[in-house]
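Welcome! Take a moment to look it over, and then read on.

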Amino acid sequence: KETISIGTLQGHAHMIDGFVKNLNAKDVYISGGNSLKVAKYLNKYTFIKEATIEGMKILDKKNKA
């Protein structure tokens with residue numbers, strides 16, 4: 001059970017990594033769902049627990065300026 005779980009997480013991590021490489025993205029943020037579990041296999045990306053809320057705050061500040 002543990003081996004399948006680790007394999008699944010690492011498989012998703014490799015899938016995400018390949019997708020990001022195809023985008024040629026420089027700054028990548030991971031958030032939402034089970035991202036915390038996959039984030040440990042994607043340590044070159046930045047994990048933000050509440051990216052949606054933080055993003056809304058930033059947009060709100062920009063719109064008020």
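Predicted model: local features only at pLDDT ≥ 70, side-chain atom pairs only at ≥ 80, totals over all residues.

The chain holds three helices and two strands, and their order along the sequence is α-β-α-β-α. Its radius of gyration is 15 Å, whereas a compact globule of 65 residues would have one near 11 Å.

**Overall form and surface**

- Along the principal axes, the C-alpha trace spans about 50 × 25 × 15 Å.
- Of the 65 residues in the chain, 17% are buried.
- The chain exposes about 5600 Å², and 57% of that comes from carbon and sulfur atoms.
- There are 11 positive and 6 negative side chains, and the centres of these two sets lie 1 Å apart.
- If you take the contacts between residues at least 6 apart in sequence, 39% of them join residues at least 24 apart.

**The nonpolar core**

- In soluble globular proteins, nonpolar side chains tend to be buried together.
- Here the largest nonpolar core has eight residues: Leu9, Ala13, Val20, Val28, Ile30, Val38, Leu42 and Tyr45.
- Helix H1, which covers residues 2-23, gives the most to this core, with three residues.

- You can find Val28 in the loop between H1 and E1.
- Is Val28 buried or exposed? Val28 counts as buried because its relative accessibility is 16%, and the cut-off for buried is under 20%.
- Leaving aside residues up to four places away in sequence, Val28 touches Val20, Tyr45 and Thr46.
- Val28 and Tyr45 are 17 residues apart in sequence, yet their C-alpha atoms are 5.4 Å apart in space.

**Asn24, in the loop between H1 and E1**

- Asn24 belongs to the loop that links H1 and strand E1 (29-30).
- Most residues other than glycine have a negative phi.
- Asn24 is not a glycine, but its phi is positive, at about 55°.
- With a relative accessibility of 63%, Asn24 counts as exposed, since exposed means over 50%.

- Ser35 is part of helix H2, residues 35-39.
- Ser35 has a relative accessibility of 10%, so it counts as buried.
- Which residues does Ser35 touch, not counting those up to four places away in sequence? They are Ile30 and Phe47.
- Lys40 sits in the loop between H2 and strand E2 (46-47).
- Lys40 is exposed, as its relative accessible area is 57%.
- Although 27 residues separate Lys40 from Ala13 in sequence, the two are 8.9 Å apart in space, C-alpha to C-alpha.

**Thr52, in helix H3**

- Thr52 lies in helix H3, which runs over residues 51-64.
- The relative accessible area of Thr52 is 58%, so Thr52 is exposed.

Technical notes: Residues numbered from 1 in each chain as written. Heavy atoms only, no water. Helix = DSSP H or I, 4+ residues; strand = E, 2+ residues; numbered from the N terminus. Rg over C-alpha atoms; globule rule 2.2 N^0.38 Å. Buried < 20%, exposed > 50% of the residue type's maximum accessible area, 1.4 Å probe, protein only. Contact = heavy atoms within 4.5 Å. Areas by Shrake-Rupley, 256 points an atom, 1.4 Å probe, with all protein chains shown as cover. Lys, Arg positive; Asp, Glu negative; His and termini not counted. Charge placed at Lys NZ, Arg CZ, Asp CG, Glu CD. Core = buried A, V, L, I, M, F, W, Y, C linked by side-chain atoms within 4.5 Å.
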